[in-house]
Amino acid sequence: LSLFVGMQIVAGFVLPPVLSVAVPLALTAAYFLNPSVWLHNVVLTVSIAGIGGLLGLNFNPRGVVIILAILALYDFWAVYKTRHMVKMARAFIRESVIPAIVLPQDVGGLKTRVKEVKPGGNFYLLGSGDLFFPLLLASSALSVGILNAVFVGAFSLLGLFITHFIFVLQEKRAPMPALPPIAAMAILGLFVSLIFNK
């Protein structure tokens, strides 16, 4: 339901009324029929964009900053301390229900079926929350101004690149929390935008 609703929100802005329901419905159905990695990523990304973008408009940026900071700390604790986030992710993967963007090491991996994605294989996973919550902040920043939202989005992307570099520089590849660097840069982006927008 959340996948359909998220895609329908986005489709409503770019497609005629009939197609804005039919296309998300078809994609949602295809998603449950043994999808490839590329389809999985498209469906999840568009759904996150729709729900996160719409919800963020109803939040105050200050409140989202607090939520983002708390969740970043929780992500760190859940991956490195209790490790329950890692165990949960592996369980999801075993059941072929992956609440994350699947990033193959080569382009050919996009054609792989999601059921064939295995922990520790040739794929990286970026949790849906690592996209959703920075988007929530960017969307909420629109209440201040478009420039603020752009800064949050750009800095979030920079945080994603920082996360990637930290990951690939590890001596031994191991799961790591992606939200802390992304959240830190997203929050920094908001503060920088407020300085420029004075």
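Predicted model: local features only at pLDDT ≥ 70, side-chain atom pairs only at ≥ 80, totals over all residues.

Reader: What makes I66 count as exposed?

Author: Exposed means over 50% relative accessible area, partly exposed runs down from there, and buried is under 20% (1.4 Å probe, protein chains only). I66 has a relative accessible area of 52%, so it is exposed. I66 sits in helix α4; helices are DSSP runs of H or I with at least four residues, strands are E runs of at least two, and both are numbered from the N terminus.

Residues are numbered from 1 along each chain as its sequence is written, and side-chain values use heavy atoms, leaving out hydrogens and water.

Reader: And why is W38 called partly exposed?

Author: W38 comes out at 47% relative accessibility, so partly exposed is the label. W38 belongs to helix α3, and its C-alpha atom is 22 Å from that of P175, 137 residues away along the chain.

Reader: Why is R83 called partly exposed?

Author: Its relative accessibility is 33%, so R83 gets that label too. R83 is in the loop between α4 (61-81) and α5 (84-94).

Reader: What about the phi of R83?

Author: R83 is not a glycine, yet its phi is positive, about 60°. Most residues other than glycine have a negative phi.

Reader: How do you know that the protein chain is as compact as a globular protein of its length?

Author: First the layout: eight helices and two strands, in the order α-α-α-α-α-β-β-α-α-α from the N terminus. The radius of gyration is 17 Å, close to the 16 Å that the globule rule gives for 198 residues, so the protein chain is as compact as a globular protein of that length. The radius is taken over C-alpha atoms, and the rule is 2.2 Å times the number of residues to the power 0.38. Buried residues make up 38% of the 198.

Reader: What makes the largest pocket a pocket?

Author: On a 1 Å grid over the protein atoms alone, a pocket is an open set of points where a 1.4 Å probe fits, with protein on both sides within 12 Å along at least five of seven lines; lining residues have an atom within 4 Å of a point. The largest pocket holds about 1300 Å³, a volume being the space filled by probe spheres set on the points, which are joined across faces, edges and corners. Of its 42 lining residues, L125, L126, G127, P175 and M176 are the closest to the centre. Helix α5 gives the largest share of that lining, seven residues.

Reader: How does the lining of the largest pocket divide by residue type?

Author: Into 29 nonpolar, eight polar and five charged. Nonpolar covers Ala, Val, Leu, Ile, Met, Phe, Trp, Tyr, Cys and Pro; charged covers Asp, Glu, Lys and Arg; the others, Gly among them, are polar.

Reader: Which residues lie nearest the centre of the second largest pocket?

Author: L3, Y31, L44, V97 and I98, out of 21 lining residues. That pocket's volume is about 440 Å³, and α3 supplies the largest share of its lining, five residues.
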